[in-house]
Amino acid sequence: MNKDQSKQPRNEEKKQTGEVTRRDFLIGAGTVVVGGAVGAGLLSSCSGGETTTVTTTKTVPTTVTTTVGGSGAVTVTETTTVGGSGATATVTQTVTQPGGGGTAPYLEPEETIALYNHSGLTAAEVKNGKIVRSRPWHFADGIEPFSITARGQTFQAPMKTPVSSFVMTYYKRQDSPNRILYPIQRVDWEPGGDPAKINAQNRGKSKYKRITWDEAATIIANELKRVADKYGPSAISDVYSGGHNEPKNVTNSAGIHTNFMQYWALSEYGEPITEHHGAATTSAGGQLGGRYVWGHDYEGNPKTHDISENCEMLLGWCCDSTKSWIQAYGTTQQMVHKWWNKIGIKQLHIDPHLTHTGALYASKWIPLHTRTDAALMAAIAYVWFSEDTYNKEYIATHAYGFDKWQAYVMGTDAEGVAKTPEWAAPITGVPVYTIKALARAWASKPTSIMNGRRGAGCCRGVYAEGSTRMWIYLLGMQGWGGPGVCYIGMYDDIIQGSAPKSTSVTTQRPSTDITNKQVAETGVRLSGNDTDRQFVPRDLIWKAITAPPVEWWSTGDQFNKRTYPMEGKSEIHMIWGAGFAYTGSRGAGFKNLAAHRSPKLECIVGANMFMEDGMCMCDIILPIEVITETEDIFSVSDTAAHLVLQKKSLTTRGEARSDYMAIKAVAEKLGYGDKLNDRGADDTPAARIKASYDAANLADSISWEDLNEKLVWSQSRKTDWKEAPAASRGFYDDPGKNPLRTPSGLLEYESQLLLENHPDDKERQPTAKFIRGGPASEGWTHDEDRLLSARAQDYPLTLNVSTRRWGRHSQHSDIPWTREIKYKIGFDGYAYSECWINPVDAEARGIKTGDLIKLYNDKGIVLAIAEVCERAIAGDIYLEKAGGGDFIDIASINRGGNGNCISPDWVMSYRCYGIQPIGFLIEVAKVSGEEYMEWKEMYPEAFERKYDPKYGPIFEGWVEGGN
Amino acid sequence: MAKVFINDVAECGGCYNCQVACKDEHCGNDWSPYAKPQPVWGQFWCKLNEHVRGQVPKVKVAYVLTRCNHCDDAPCIEACPDTAISKRNDGLVWIEPAKCSGCKLCLDACPYESIYFNEDLKLAQKCTGCAHLLDRGGPIDEPRCVDACAMSALMFGEESAFSSEISQAEVLKPEEGTNPRAYYLNLPKRFIAGTVYDPSSNEVVIGATCTLSGAGSGTATTDEFGDFWFEGLAVGAFSLKIEKDGKSLTKDNISTEEDVNVGDLALS
């Protein structure tokens, strides 16, 4: 912040510096704008040569063109007279420009565009077809960004988009060397389904050859027909794991291939393809556990003001809320956390690792062993029961089945184990006296829980749903919904408030047209809850492919058991997916990816922007445009709300196409090219953008012409906090009038739904318990307990995996400027992820900071560089998955830091279809030179593949002749 | 007319926007005559340095930004045989690429290691203060690192406007006598922290008086978790005495070469 500016609103500041707007500045070549006190920074050096003097005054809004010319060094002298008719101050600036005449590079014209940089809005300046910078977008005059006033103090978000370094630099991915530039076909794969010509065993290993779009589209169309004719359309699946795709509107993002294949299959064969069914991911704890306590996955909004006004202690529990910088509101999280500290809200962080949020904003870190949160919570409840420090009046009117919870905690149930602090201390690693102190501090003041975001969260790991339920149990015991007693959950945005006008602009997506046509022409409306059609479980794809049948439970109606393959349906034999991020954003990465080597899969098609994650398992790959290569219209909500018109700023690289044009190429081969919509000549991005604007009904607010001129139309997001009580206050005040969506309408400490439907499930029981698991022979899904499991003899450490601060999952690892922040170069010149290991664990294994280490168990090996540090406790390892799907062997050795590769085979628990990338047993060891050389001999292709530590794996390394 | 940089470590959220914005402005962009491009990888005209302090579970992390300090008595200017380095009237120290011969003498002269050598271009390079943006008169009127700062950790402007901040600020390596124009607020010192508990009751001890002596002195009282913190300490040797209800313990020879968690102390 410029101190001079901080004293006045930005609009005032602009007036004082002349009426020169951003766009004025950018008009015309060789233009110099002189306004206000420019030239304040003077260059002292002065050299001779031709000079041109430019004089202007502050009071004259002006753009002045300098004339430079001649040979040799050119000197431009700019004289600015500051002041009007009164006193003036004149400053002179002399700039030495490189010889040859023309305009100095720093003065060359730039065009500003509004860039929706994946998830946040930046102002990007474009020069000569290249983005030269991307920076926060400054709000227009009159916009009042998000603010909160509480305890007599005000938090005011700045007049610019709160973008993170990730958002600012996302555009750099456009010129990533890992961009897929043209269609490719695996060299040892042939269409036709002949096992001898598929060479499925070489997926992930063999290279590709360049083919034309026409060839690729023909092959894909023919394979779709061949497979559907032979097995029926249920043999075709859209299964993929995209991680996170770019949020394009008018050209569509990944997923449109599903809409098209369903339209085609239903039209041609009268039955659908087999869609994939993904497990609960980010919000798995709430989805699979929380909803059985309070009837929904997470608590709603608003509550930021309630916390700011009334909460005295915030428990950041498995929480790294300021790390979520991929979101549009980006750095606002850290601003608000800082402000909460300033207004006296004590923040405690409970996590096996000192998260970024904990490190910066917590007054106390209570470390505990991974996945023992439920034990700690049971012990806290024990203290409250013993000392009679919970809200009995609230429980009497707001809780159902509370006696079951009390019996479990006090040991008066069949289990008979009192969950005393003494019981919990050896399990959790938290001293008895600290457990008691925490319980008493919590009971003594309004306390809220912050959970999730991108922390080493325990809400999406092995048996994690129980932790989420217990958080709610404990909040209930202290009067959840009352002043300052809230739950900031996985998806909660602390910036709350709505804009006066909706700017929804998603109606003109090509996928919507296709589905509308499909419904109109076939009469079939497909739903994710359909029980009469076949799905394939994406997160158990290894089982579906290699050892069917497989059964699992839906994440919607969780008592709806699904089976694959369904009677009368084919197993899948062809996949047309997008990304294949199994090792970055799903569990059991090696196993799920390696299953793609089955010859049952006769053809795998992928479409993506980057050769990342498991794209190398595909037989045919289509190159897709990145967001900066498209024009589009977006609705963005950050500390204000914006309608954004994004102009195409960069020339599309190679032969990349939009997702829509990619599927259209195949549709044309199948005779569907002109059937995808009824738009005729208006089937263009530009026409769709205009149609999106028209459909949003915003003409009264901003004309189409103005939007094209200004690029961004912003609105203040406001909430009248007095009129908007905390989301759960109604239930707190009167549960009869404002019941929860549970059968009882109350907080269910014993879930009636679970009791009724899955009474014998010993993993997800009607009352949440601390589940430790055990051997499969005893009916357990997971055997990952560091104290009880026999496996812990070989794998005594527990691994936490989290996404890094500069990317989503394992994607976005090809931006060198964020990459160089934390990547560590190994002795082999490779840039590895950083792995935190406590000095105690490191010393016991002879590991030092900078050593190349392997994290391993019976599922495989993940490589990283050791960072021996005090942010991890002994026994618990922390790994930021950063390097993406870079493999020495696709089935057993990852060097991108994707700890998900070696997480357990099954999902959260037998009946909980949620991901499990956190909280499992491993061992860590230094990689010996001998072992490294063995890998080099065994997997020469992996070591010979072209690689650049600045960017990671690169596309060329996969193309024949490209190495 | 002289500018200063103010860096408030306490406000920094460690988001790296400053470091990355500098790369965004200067990598791949030729801002002649002010600066040639910064290498894409491994050089940091603006660098955020992460410091992990203390031991489990008393651990804090501080982020301290370093870049050219634009010293008023800059040794690099003296060291340059090509008169390529000069002091602008606004206080910024500028390496003029057209004059730099690539002799590297300035790299050795800089006590802050803020000058990098661009091997491809054979040029010494460093923070320019984004002078090319300041001089062209808008619309960006501050260095990119400051523009991108999400918090109010980085500020830039006229020295006169920051007199109150400067009066409380420090500079890095004052002993070098270079008179930097980059001022720091809340630079981390050392801490001594710990937890006090009663082993007989297995309870934390709340309200114990903790007295520090030696290289500095002070008192603290244990909080509801039995924790005490002494912050802002000098490097040196300390003694710690803890007392409550007639019970006491003493720990001597606590060195603050590093930040120290003295651990969980049994008061019995």
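A crossing of two helices is called left-handed if the near helix is turned anticlockwise from the far one by less than a right angle, and right-handed if clockwise. By that rule, H8(A) passes H17(A) in a right-handed crossing. This is a predicted model, where local features need pLDDT of at least 70, side-chain atom pairs count only at pLDDT 80 or more, and totals for chains, interfaces and linings use all residues. Residues are numbered from 1 along each chain as its sequence is written, with chains lettered from A and ligands numbered from 1 in the order in which they are written.

Back to that helix pair. Helix H8 covers residues 284-294 of chain A and helix H17 covers residues 465-477 of chain A; helices (H or I, at least four residues) and strands (E, at least two) are DSSP runs, numbered from the N terminus. Their axes come within 7 Å and cross at roughly 35 degrees, an axis being a line fitted to C-alpha atoms, for helices over the stretch in contact, with angles running from 0 to 180 degrees between N-to-C directions. On the H8(A) side, the contact includes Gly285(A), Gly286(A), Leu288(A) and Trp294(A), and among the H17(A) residues are Arg469(A), Ile472(A) and Tyr473(A). Two residues are in contact if their C-beta atoms, placed from the backbone, lie within 7 Å. Sorted by class, this contact has 6 nonpolar, 7 polar and 2 charged residues (Ala, Val, Leu, Ile, Met, Phe, Trp, Tyr, Cys and Pro count as nonpolar, Asp, Glu, Lys and Arg as charged, and the others, Gly among them, as polar).

Elsewhere in chain A, strands E27, E28 and E29 line up in that order as an open sheet with antiparallel pairing; strands pair if DSSP finds at least two bridges between them. The edges are E27 (632-637) and E29 (712-716) of chain A, each pairing on one side only. From one strand to the next, the twist averages 10 degrees. E27(A) and E28(A), the latter spanning residues 640-646, are joined over 6 bridges, and Val636(A) has His642(A) of E28(A) as its bridge partner.

As for the two chains, 70 residues of chain A touch 69 residues of chain B. Helix H16 (residues 432-444) of chain A gives the largest share of the chain A side, 6 residues. That side has 37 nonpolar, 21 polar and 12 charged residues.

Chain B itself splits into domain 1 (3-185) and domain 2 (190-266), with bounds from an automatic or database domain assignment. Their centres, taken over C-alpha atoms, are 39 Å apart. In contact are 4 residues of domain 1 and 4 residues of domain 2.
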